[in-house]
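Student: Could you walk me through reading some features of a structure, one at a time? I would like the general idea before each case.

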Amino acid sequence: MKSLILFFAVFFPIVINAQTFKVDFDYSRFFFNDSSNYLEIYYSFYQPQLKQVETDNELKIKGILNINIRKTVTSDTLVNKNYQFENIIADSLSENNQKSFTGNIAYVLPYGEYTCTLTGMDGNDMNKLDSVSFPVSVSALPMDRFSISDLEIASLIKHSDQNKSMFYKNTYEIVPNPSGIFGQEIPVLYFYSEIYNLDKNVGSKALRVDHLLLNSTNKTVYNKSELFPRTSNSAVDVGAINISKMPSGAYTLVNVGTDSAKNITIFSSKKIFIYNPSIIDTTPLVSVDNSVLTSEFASMSEEELNQAFSESNYLATKQERDQWQGLSNEQAKKQFLFDFWQVRDLTPGTPLNEYKREYFDRVKEANKRYSNIQQRGWKTDRGRVLLLYGEPSEIERYPNQVDTKPYEIWHYNDLEGGVVFVFADLTGFSDYTLINSTKRGELSDPDWQRKINTH
């Protein structure tokens, strides 16, 4: 891609107060190279708001866009540039003159923290302007896992081989919708994102990406999944949602990428607004924590939610188990699991719940080590102890003693001044059960050796 692209296009009419000068802005970030990202800035001027001036017996309108990008820490200016356009107005009442100019200006920015200020002005009346300022973080991709770019929302996306088109990107023509408004005039919500490092740290052979649309109460009103093979390094994710029958209101579009084998979940989201005044909203008002949709639980099916709680059951109190049994719908279970792990977050001020990640890493390790024909590894006694207390300081293994059944002694030197767990294969089917521990609250049998004697 070029480091700078500028284009204008006829857009769709938007209902705007005639007394308010409004320019719509949006942006998305995409990978460019190992030291920079690609920042695309989208904007839209509504033509009827621009002052008409007669020049050479023609009515003309003019719009000006100023883009200022500076480093947040040093305030050094990287970009401070005006772009302008003009259009001839044949008839103020014609359909074309009731539409908008939409543009896309793109920059390659080195890694760093920036402040971006966008100002749209009427070129024939400089007192009419609209401005927005926002922080932009440009950072390297994580090299040890897949990642997802920002979402670009659009009024139209179609396959194209016209690589010289102003809207062309990765075999598609994409007309952005900076207003974020869909509905009567724009009945289909299109979206575009890019997936990177698909072939890194592969667990699941295909990456599952869930496309979710949530209403203002965080109820999922649309959910569709797509699988991306992990054989290539990157992929383009394009989709369309018919929103013509959805009631007016604020919504959140969320793309959630999940590698269930590695327990890695990444998401990207964007706010939109749907304007369908003829559609009556019959959805009951339910309050849900907004943070749930940014967690891995947002994309889970009810079966996966039940499995997640089963694996977490060793940590649950009796009250929490009773509460779980009383939950009757999927959304309530997502909220419960989010809250369940949030209260156990040892570092709540950070974006990552390290304890939760460590716990489910132990689940995977227990399944790898201790699964047998009868049950998954996390359900075994050794699996339970691994989940609750982590890796032991030392393990003594006695698999082939002459006068005893196979057994193991796990030492935890940092628990209660030093404790042990003794597991034995009493049945001869490699099913090691706990027969003794010096840990408070665990099974204790000082005479445990008689259980493993074979004579």
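This is a predicted model: local features need pLDDT of at least 70, side-chain atom pairs count only at pLDDT 80 or more; totals for chains, interfaces and linings use all residues.

Student: How do I read burial, and is N37 buried or exposed?

Tutor: Buried means under 20% relative accessible area, exposed over 50%, and partly exposed in between, with a 1.4 Å probe and protein chains only. N37 has a relative accessible area of 9%, so N37 is buried. N37 belongs to strand β3, residues 36-46; strands are DSSP runs of E with at least two residues, helices are runs of H or I with at least four, and both are numbered from the N terminus.

Student: Which residues does N37 touch?

Tutor: A contact means heavy atoms within 4.5 Å. Leaving out residues up to four places away in sequence, N37 touches F30, F31, F32, Y107, V108, L109, Y111, V138 and S139.

Student: Which polar contacts does N66 make?

Tutor: The N66 side chain makes a polar contact with the side chain of N82 at 2.8 Å, and one of its polar atoms lies 3.5 Å from the backbone oxygen of K81. N66 sits in strand β5, residues 58-71, and counts as buried at 15% relative accessibility. Its contacts beyond four places in sequence are N80, K81, N82, T117, L118, T119 and M121.

Student: Where is Q49, and what does its side chain meet?

Tutor: Q49 is in the loop between β3 and β4 (53-55). At 9% relative accessibility, Q49 counts as buried, and a polar atom of its side chain lies 3.2 Å from the backbone nitrogen of K22.

Student: How do I describe the packing of two helices?

Tutor: Two packed helices are described by the angle between their axes and the distance between the axes. Axes are lines fitted to C-alpha atoms, for helices over the stretch in contact, and angles run from 0 to 180 degrees between N-to-C directions. Here the axes of α1 (residues 302-312) and α2 (residues 318-325) come within 12 Å and cross at roughly 165°. That makes α1 roughly antiparallel to α2, a term for angles over 145 degrees.

Student: Which residues meet there?

Tutor: L305, N306 and F309 in α1 meet E320, R321 and W324 in α2.

Student: Which backbone angle is worth noting at D56?

Tutor: D56 has a phi near 55°, a positive value in a residue other than glycine. D56 lies in the loop between β4 and β5 and counts as exposed at 65% relative accessibility. T171, in the loop between β12 (168-169) and β13 (172-176), is not a glycine either and has a positive phi of about 70°. At 38% relative accessibility, T171 counts as partly exposed.

Technical notes
Residues are numbered from 1 along each chain as its sequence is written. Side-chain values use heavy atoms; hydrogens and water are left out. Angles under 35 degrees count as roughly parallel, over 145 as roughly antiparallel, 65 to 115 as roughly perpendicular and the rest as oblique. A polar contact is a pair of N or O atoms within 3.5 Å; within protein, one must be able to donate a hydrogen and the other to accept it, and residues adjacent in sequence count only if both atoms are side-chain atoms.
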